[in-house]
Amino acid sequence: MLSFIRKRAFASLISLIGLLVMVFFLSRLTGDPASLFLPVEASAEMKAEFRALHGLDQPLLVQFGQYVGNVVTGDLGESLRKARPALDVVLEAFTWTLWLAVITMTLVTVCAIVVGSLAAFRTGGFFDRFSSMVSLIGASVPDFWLAIVAIVVFAIQLSWLPTSGTGSLSHWILPICVLFVRPFGIIVQVVRGSMISALSSAYVKTARAKGVKSGPIIFVHALRNAMLPVITVIGDQAASLLNGAVVIETIFGFPGVGKLMIDSILQRDFNVVLAAILVTAFAIFLMNLVIDMAYALLDPRIRY
Amino acid sequence: MADHLLEVRNLSVDFHTATGTVHAVRNISYHLDRGETLAILGESGSGKSVSSSAIMNLIDMPPGKIASGEILLDGKDLFKMSSEARREVNGRRIAMIFQDPLSHLNPVYTVGWQMREALKTHGKGNSEAQAEALRLFKRVALPEPEKALDKYPHEFSGGQRQRVMIAMALALKPDLLIADEPTTALDVTVQAEVLLLLKELQRETGMGVLIITHDLGVVSEVADRVVVMEKGQLVESGTVRDVYRNPQHAYTKKLIAAAPGKGDMHEPATSGEPILSVKNAKKFYGGFEALKGVSFDLKAGETVAVVGESGSGKSTLARILLRLEEADGGTAEWKGKDLFTMSPGDLFKLRRDLQMVFQDPTQSLNPRMTVYQLISEAWVIHPEILPKAKWRVRAAELLDQVGLSPEHMGRYPHQFSGGQRQRIAIARALALEPKLIVCDEAVSALDVSVQAQVIKLLDKLRKEMGIAFIFIAHDLPLVRDFADYVMVMQKGEVVEFGTVTQVFDNPQKPYTQALLAASLDPDPDVQAANRNARLATAS
């Protein structure tokens, strides 16, 4: 198990380095921060001074070398905009995103497993057809549209919930509900398919021959076997939330890492962009490791 | 008159499918008493498992439907019970064991957990269930029963898994045990042990046993009475001896006649040069030595049967001879060249001469290709054999040769029965005009009567075309009828090699003797004599 984690960590390190190289050079292609930060009428001398101050006058490769050197020592640089360490800015935003992702995915997982399992138990029945329809709609609805409609209905017309921002528990409800819909729709379908094959398996027949009740047959015998493909999809969906639900965070003015990233790209705040990418990439690496552990936990035949 | 333990009366079960209604069983009746063993004998598609599924309430409805009839357990109709009462019967009064214990045990829970579940479902407490599970594991003679409880199904061998299934089925001392092909997936020696265990347990508990099988040998070994089923109908019933000695129905006669192991044995010609000469072939998987130096010669038109139990290395031998895997030592001389170290170019030419027929034609035929495409693919790869203009004619000839009709060329594999599919696989192998065909359990998945037809076909090809065969099998009677030489393997080594008469009539090695003794004979009297002899030597 330990050697597996080591191997995985090494592979992730290589992809992190690749990511770093790509993002560093690509972001430099998007324009000159000096002309964006300083007022339009700033003189060429002022721009040169700004560049010298932030090391932007050095050749790109030198800048990259310095950056990598700093990263290794844990220094991700200063935010150009906020005059604070970029890592602090990112971690602050990432905490918001993390909470949003954890709450949403927990709700999604529980609901999708229950709904998908029950649908699979009586394939073709009313509940199955109803939940299939709902989940199909959920998986297909564009989330930005849903977010706007939700704001119009619940925040503006009914005035039940705040339109955007943070501050109270009620601020969380709309973003969570909107983010819930797509992963729920997708995971219900996967749970249903996986459960149908688990419920038609031979060991379920054995359980029925033993006289086991329907509840334990579905949720004890079949479900644990059906969870392996489901976990893969849950991880996939969770990763897209951890990356920052850019559109949803922007619409709801939610100060998460997705919104931070978009803002920083627009403002050429390179250090923040790079720090945000490193942090989310690291989080996704950790999550994938957890998923691999979960495989081994669920299925005794899988050993690393 | 007292009630029978189990009585099935006029049972009909239909399955409503997209293509119409299938009458899976039609109006069948049979009964079973305590302490008695009844066998339901039939081939695939005969409906032999349907009535037992109905007894266990395992038929999915829909698509299934009980069209008529009743099933009485101690005089009470199972169909008229509430679903809760019906569930209580399962496990407590009637228990079941299945053909493939690996897939019938839940892979993600320990066997101890699954044992305790059976007991707790029917009201036993946790510690009581634990103690009882341990007692049962000891009773079915699982090694290290305390540790075994904490193991998962994949950590056991096939025979041990079936013991776990039996222990679980007997947990609540049921009155009736249904065994659906309980030993079909097991090696012969393990089969003999499991059947013996079932008989002992039946004697201890006095339960009735309903055994479903396609194997006349199993019937003669364990059953008191037998019912024979064909196409959903019960065609004959009676005591095992009566039915075997004096079958009334044409189908029963055909089944008994098809049972292998009664024909004349081959006496191989002694002259001729070997076409294949294998010396000291070895294969490792990591540190595990799967083949520990196997040597044999094969002449044109000859058949070497490779027999042995699972793990003996017989399939590994086939795979390295066909270079599907690389050998780790030794030589295999084919037409003056070493097959194991041959260049890719030579190997490509060699593929024409060496063909393989696999166990499961459903998996070895591409389901998206028509029969014509399957056969002619060989000529696409080796265009020098036949100009394209003649492909259709030749494919038709090949189909004719294997007993199929040329009109079948446009069909897909799923439109054929298992036996027909294996014929297609053989036709495909013949398309390249091979000198040697390796059959890896090529007829094991087929029904007895179909088996006999395919063996006849292979025999014809051997005589007419001089094809040599390496015939890998675990079924000894089949080998006896078909092979010239027999190579007995155990744990990667050749235990005994000789002509079929030598090996069957005068086996030298204890392992060969044990294999032959464990092999079941369809004749109940012969089988009883064999069993007594075996038990006498064991004690």
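Across the interface of domain 1 and domain 2 of chain A there is one salt bridge, a term for a side-chain nitrogen of Lys or Arg within 4 Å of a carboxyl oxygen of Asp or Glu. The side chains of A:Arg8 and A:Asp292 meet in a salt bridge at 2.0 Å, N to O. This is a predicted model, in which local features need pLDDT of at least 70 and side-chain atom pairs count only at pLDDT 80 or more, while totals for chains, interfaces and linings use all residues. Residues are numbered from 1 along each chain as its sequence is written, chains are lettered from A and ligands numbered from 1 in the order in which they are written, and side-chain values use heavy atoms, with hydrogens and water left out.

Domain 1 of chain A covers 2-72 and domain 2 covers 87-298, with bounds from an automatic or database domain assignment. Between these domains of chain A, 19 residues of domain 1 are in contact with 15 residues of domain 2, where contact means heavy atoms within 4.5 Å. The area buried between the two domains is about 1,600 Å², of which carbon and sulfur atoms give 78%; buried area is the accessible area (1.4 Å probe) that two parts lose on being put together, summed over both.

Turning to the two chains, the contact takes 18 residues from chain A and 29 residues from chain B. The area buried between chain A and chain B is about 2,100 Å², with 58% given by carbon and sulfur atoms. Two salt bridges are found across this interface of chain A and chain B, and the side chains of A:Arg208 and B:Asp60 meet in a salt bridge at 3.4 Å, N to O.
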